[in-house]
Amino acid sequence: DNGSTDGTIEILKNFQIPISNFQLIFNKKNLGLAAGHNIGIRKSKGEFILCLNHDVILDKDFIQKAVGIFKKDAKIGAVQGKLLKWEQELGMIDTTGLMIFKNRRVVNCGQGEKDAGQYDKEELIFGVDGAAPIYRKKALEDIKIDNEYFDEDFFVYKEDIDLSWRLRLAGWEIVYSPQAIAWHKRTSQKSRKEQPGYIKYYSFKNQHLMQIKNELPSLLFWHLPWILPREIATWLYILFFERKTWPAIKKLFRQTPNAWRKRKIIMENKKIETKKIKKWFQ
């Protein structure tokens, strides 16, 4: 529990679960999604880690199907299941994994599409979405920095993309399994003007921290025709129309030196050739 004040702590304390099977962790304050996950991962002893959002329901065979994928190849570092939309949008896809574009925009593949079997093929993907990802613990240990698996400078938002990018650079494979099914009640997608300020704040800041840490120089050069227009448009929009996001710029500059330090560690651990990572940018 990340310092909640809505009665969750009282409910959890009433759980009668053998301590050998279940451990409750109570943080005194909200440390953010990244730090909260890291505490659980550090305390875990299993071979695989499921980071499960509170608004996800798993199919009864979800874990079994996902773990079966890991058993196929020791270089598989993460598995993405087929997540469907919950309740009123039954039969609609929530995500089949993360897709990254040349301009560095990242989307959930298949989101909003009717599930008609078009994503029923097991395949390699760029990254796993943070709603219900399963990681190999060994892979997380391989890419951690400062004993952090998810980057705690992010606090929340895009920490899952950053982790997937680091896994790929370190040579780990990421697989989508359509047989591992879950249902996710994702907050409805809104236009940028309708989004809460904190989402704009963390999305802008963390997008740039992620790029600072993981960009490959040659790939950045090749993709500049796609990256520059988006960057110019983003900065101009924020400067002229989104004054409330300005504090994110200040925070980004403050966190940039630490991101550059982490970048050095990531690049020293890089095991994949540029041409192999290049194929993931659509």
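This is a predicted model: local features need pLDDT of at least 70, side-chain atom pairs count only at pLDDT 80 or more; totals for chains, interfaces and linings use all residues.

Visitor: What's the phi of Tyr157?

Guide: Tyr157 has a phi of about 80°, which is positive even though the residue is not a glycine.

Visitor: And is Tyr157 buried, partly exposed or exposed?

Guide: Its relative accessibility is 29%, so Tyr157 counts as partly exposed.

Visitor: Okay. Where is Asn147?

Guide: Asn147 is in the loop between helix H4 (137-143) and helix H5 (159-169). Its phi is near 65°, a positive value in a residue other than glycine. Asn147 has 37% relative accessibility and therefore counts as partly exposed.

Visitor: Let's zoom out. How many helices and strands does the protein chain have?

Guide: The protein chain has 10 helices and nine strands. Its radius of gyration is 19 Å, close to the 19 Å that the globule rule gives for 282 residues, so the chain is as compact as a globular protein of that length.

Visitor: What does the C-alpha trace span along its principal axes?

Guide: About 55 × 45 × 40 Å.

Visitor: How much of the chain is buried?

Guide: Buried residues make up 44% of the 282 residues.

Visitor: What share of the contacts links residues 24 or more positions apart?

Guide: Taking contacts with a separation of 6 or more, residues 24 or more positions apart account for 76%.

Visitor: Where does Asn53 sit, and what does it touch?

Guide: Asn53 is in the loop between strand S1 (48-50) and strand S2 (56-58). Leaving aside neighbours within four places in sequence, Asn53 is in contact with Gly130, Ala131 and His184.

Visitor: What does Lys85 contact?

Guide: Here His184 comes up again, as one of the contacts of Lys85. Beyond neighbours within four places in sequence, Lys85 also contacts Leu90, Met92, Ile93, Asp94, Gln111, Gly112 and Trp183. Lys85 belongs to strand S3 (residues 76-85).

Visitor: So is that lysine buried or exposed?

Guide: Buried: the cut-off is under 20% relative accessible area, and Lys85 has 13%, so it counts as buried.

Visitor: Switching to helices, why call H6 largely enclosed?

Guide: Because 16 of the 18 residues of H6 are buried, the helix is largely enclosed by the rest of the structure.

Visitor: And what should H6 span, at 1.5 Å a residue?

Guide: The 18 residues of H6 (residues 197-214) should span 26 Å, and the end C-alpha atoms are 26 Å apart, which agrees.

Visitor: Last one: what's going on around Leu124?

Guide: Leu124 lies in strand S7 (residues 123-124). Not counting residues up to four places away in sequence, Leu124 touches Arg168, Glu173, Ile174, Val175 and Trp280. At 38% relative accessibility, Leu124 counts as partly exposed. Its C-alpha atom is separated by 9.6 Å from that of Gln80, 44 residues apart along the chain.

Technical notes
Residues are numbered from 1 along each chain as its sequence is written. Side-chain values use heavy atoms; hydrogens and water are left out. Helices (H or I, at least four residues) and strands (E, at least two) are DSSP runs, numbered from the N terminus. The radius of gyration is taken over C-alpha atoms; the globule rule is 2.2 Å times the number of residues to the power 0.38. Buried means under 20% relative accessible area, exposed over 50%, partly exposed in between (1.4 Å probe, protein chains only). Contact means heavy atoms within 4.5 Å. The expected span of a helix is 1.5 Å times one less than its number of residues.
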